[in-house]
Amino acid sequence: MKREQHSSAVFGEEEKRLSTRAFPAPINDDRTPFERDRDRVVQSRAFRRLAGKTQVFTSRASDHFRSRLTHTMEVAQVARHVSDALGLNTDLAETLALVHDIGHPPFGHAGERALDECLKKHGLRFDHNLHALRIVEQFEQRYAGHRGLNLTLGVREGIVKHSRDYKLSDHPGLAEYFLDKMPPLEAQIIDLADEIAYLTADLDDGVESGLLDVKHIREHVSILGRSYAAVERANPHAEEKYVFHDALQAMQKTLIKDLIHTTQENVKSVGARTLEDIRNSGRRLAALSEQAEGERMEEKRYLYDTLYTCETLDREHKKAEEVVTELFEFWVAEPEELPEGYFPEIEKDGAARVVADYIAGMTDNFILLQYADMRRRVRRGQAPLRFR
């Protein structure tokens, strides 16, 4: 496919606007602002902790399953490919891909659901996008002159808006992120790059785990079935596991090509030539075609029905919810049991929010150690009376 650079990408004067930072930053090398953001994200503690956070299967199950970090790297591969083909700002797109999951708590979506339910009892909510913004603006402390990573406006906007739209009336504190307008295409492609990457990976990990069967997948996931048949015709004597791997890659390439083509057509259909045109288009222009979207949803439903809600993972999810909920309730009731550095934050934001922030930053292994320590203290009578 011939690459075509769209004037609607974030370049030139538009890049300068989105390259602004909350605090002055010295410019002493030849990196672009978004490359510098990418390096700040990759060097952050929150990014490193993604290696110890569940994607679908916990790291205890196998060294071969994806972690939240390896998933993030796969999303970055897809995002860079798509943005390059569309003539977008690949540095911005790659940075957004690398930071898009940085706000996820331990235990994947089960941990996120549990934290959200805990916070609801205190009139609050947990949103991993908004938590990611808090991480890069407040929690990462690497510089002498300010808190946070001091990322550009463009990256911070993408963190907030890459996967959903927020109303200004509900989130007045996000006013600087153009909530009444669409995000740049670089941000719009991230959610679909995420979907393409994890749908492919989860089939792979599901078969590796023994919970999914290749023949059953072929019969119920149309796009994979077609891809498998094509690879099998070209390699009639290959082992099933190698045919399946090639079929997964072919399926992913099909979805990527469709995303590129459909987005190009959508941009043309509204006559968008500048970033402002994209912002004022009234809808997200990064999309799959109707057929590809239908097949994406078919695969997603299949994974929910056969993998995400299966008995094996359901047991893990229930244990995760138990761990998160009990620790949350323990620390909210006894905030003095938190590390001392959190005490000033409690005075400012309240115990519930600070406890949620503390838990969300943990890896799977660390939260399990904290849980085991709490339970041991309860058994020994060393915990506060209300927990004995």
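Visitor: How many aromatic pairs does the structure hold?
Guide: The structure holds four aromatic pairs. Rings of Phe, Tyr and Trp (its six-membered ring) count as a pair if their centres lie within 6.5 Å; planes under 30 degrees apart are stacked, over 60 edge-to-face, and the rest tilted. This is a predicted model, in which local features need pLDDT of at least 70 and side-chain atom pairs count only at pLDDT 80 or more, while totals for chains, interfaces and linings use all residues. Residues are numbered from 1 along each chain as its sequence is written, and side-chain values use heavy atoms, with hydrogens and water left out.

Visitor: Why is the pair of F57 and F65 called stacked?
Guide: The ring centres of F57 and F65 are 4.5 Å apart and the planes are at 25°, so the pair is stacked.

Visitor: Are F57 and F65 buried or exposed?
Guide: F57 and F65 are both buried. Buried means under 20% relative accessible area, exposed means over 50%, and partly exposed is in between (1.4 Å probe, protein chains only).

Visitor: What about Y342 and Y358, what kind of pair do they form?
Guide: Y342 and Y358 form a tilted pair, with 4.8 Å from centre to centre and 55° between the planes. Y342 is in the loop between α15 (311-333) and α16 (343-349), while Y358 is in helix α17 (residues 351-360), so the pair ties together parts 16 residues apart in sequence. Helices (H or I, at least four residues) and strands (E, at least two) are DSSP runs, numbered from the N terminus.

Visitor: How do Y342 and Y358 count for accessibility?
Guide: Y342 counts as partly exposed, at 28% relative accessibility. Y358 counts as buried, at 10%.

Visitor: Which residues do ring pairs link into a cluster?
Guide: The cluster is made of W331, Y342 and Y358.

Visitor: New topic. What lies over the face of F178?
Guide: R279 does, at 4.2 Å from the ring centre. A charge sits over a ring if NZ of Lys or CZ of Arg is within 6 Å of the ring centre and within 35 degrees of the ring normal.

Visitor: Where does F178 lie?
Guide: F178 lies in the loop between α8 and α9 (185-209). F178 counts as buried, with 13% relative accessibility. F178 also has a positive phi of about 55°, although it is not a glycine.

Visitor: And N150, what is its phi?
Guide: N150 has a positive phi of about 55° and is not a glycine. N150 sits in the loop between α7 (128-139) and α8 (153-161), and at 6% relative accessibility N150 counts as buried.

Visitor: How many disulfides does a search find?
Guide: Searching the whole structure gives zero disulfides. A disulfide is a pair of cysteine sulfur atoms within 2.5 Å. As for cysteines, C118 counts as buried at 3% relative accessibility, and C310 counts as buried at 13%.

Visitor: OK, charges. How many salt bridges does the structure hold?
Guide: There are 38 salt bridges in the structure. Each is a side-chain nitrogen of Lys or Arg within 4 Å of a carboxyl oxygen of Asp or Glu.

Visitor: Which residue forms a salt bridge with D204?
Guide: R66 does, and the closest N and O atoms of the two are 3.0 Å apart. This pair links distant parts of the chain: D204 is in helix α9 and R66 in the loop between α3 (45-49) and α4 (68-85), 138 residues apart. D204 is partly exposed, with a relative accessible area of 24%, whereas R66 counts as buried at 15%.

Visitor: What about R156, which side chain does it meet in a salt bridge?
Guide: The side chain of E176, at 3.4 Å from N to O. R156 lies in helix α8 and E176 in the loop between α8 and α9, so the pair ties together parts 20 residues apart in sequence. R156 is buried, at 7% relative accessible area, and E176 is partly exposed, at 42%.

Visitor: Where do K161 and E157 lie?
Guide: Both lie in helix α8, four residues apart, which is about one turn of the helix. K161 and E157 form a salt bridge whose closest N and O atoms are 2.9 Å apart. K161 is buried with a relative accessible area of 2%, and E157 is buried with 1%.

Visitor: Last one. Which residues are linked in a network of salt bridges?
Guide: D29, R31, R38, D39, R80, D91 and E94 are linked in that way.
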